[in-house]
Amino acid sequence: MKRTALQNGGWFDADTAEKYEEADYFDGSNRISRATHSEWDHENLYRPRSGRWVLNAWSQRQGSTESYREISEADAVQWLIRNEHPVPDTLQEAAAKLEV
């Protein structure tokens, strides 16, 4: 078990959580994160057994710190779509509310 602390308090088990990695693309010079639109800043999304959504953000910039914070279902849907992941059945209702 790998207990990972959340910014707002609490923790989740990163070893058993489902992990979604950010997508990227090549801009001709660098690999660019679809999550952050940056070559330096990155994100992954986790779904622990609790069913909540945890965003992991980190940077290659000197002096930056890695963070883990809980996000809403709507934010998780947007992140999954932006990073080319299928939206899980458990989030279909939240996804429907975002459709225009």
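This is a predicted model: local features need pLDDT of at least 70, side-chain atom pairs count only at pLDDT 80 or more; totals for chains, interfaces and linings use all residues.
Me: What makes strand 6 and strand 7 a pair?

Reply: Two strands count as paired when at least two bridges are found between them, and strand 6 (residues 41-47) and strand 7 are joined over 6 bridges in the antiparallel sense. One of the positions concerned is glutamate 43, whose bridge partner in strand 7 is alanine 57. The hairpin made by these strands has 5 residues between them, and there glycine 51 takes a positive phi near 90°.

Me: How do you know that strand 7 also pairs with strand 8?

Reply: The requirement is at least two bridges, and strand 7 and strand 8 (residues 67-71) pair over 5 bridges, again in the antiparallel sense. Within this arrangement, tryptophan 53 stands opposite isoleucine 71 of strand 8.

Me: Why are strand 3 and strand 8 called edge strands?

Reply: The 4 strands form an open sheet with antiparallel pairing, in the order 3-6-7-8, and strand 3 and strand 8 are its edges, each pairing on one side only. Neighbouring strands of the sheet are turned against each other by 25° on average, with direction ignored.

Me: How do you know that the buried residues of helix 1 line one face of the helix?

Reply: In helix 1 (residues 73-82), the residues Ala76, Val77, Trp79 and Leu80 are buried. Viewed down the helix axis, the buried residues fall within an arc of 165°, so they line one face of helix 1.

Me: What do the buried residues of helix 1 pack against, and how does helix 1 lie relative to the strands?

Reply: The buried residues of helix 1 pack against strand 3 (18-21), strand 6, strand 7, strand 8 and helix 2 (92-98), where contact requires heavy atoms within 4.5 Å. Helix 1 lies across strand 3, strand 6, strand 7 and strand 8, and runs at about 120° to strand 6. Helix 1 is followed by glutamate 84, whose phi is positive, near 65°.

Key. Residues are numbered from 1 along each chain as its sequence is written. Side-chain values use heavy atoms; hydrogens and water are left out. Helices (H or I, at least four residues) and strands (E, at least two) are DSSP runs, numbered from the N terminus. Buried means under 20% relative accessible area, exposed over 50%, partly exposed in between (1.4 Å probe, protein chains only). The arc is that of the directions from the helix axis to the C-beta atoms. Axes are lines fitted to C-alpha atoms, for helices over the stretch in contact, and angles run from 0 to 180 degrees between N-to-C directions.
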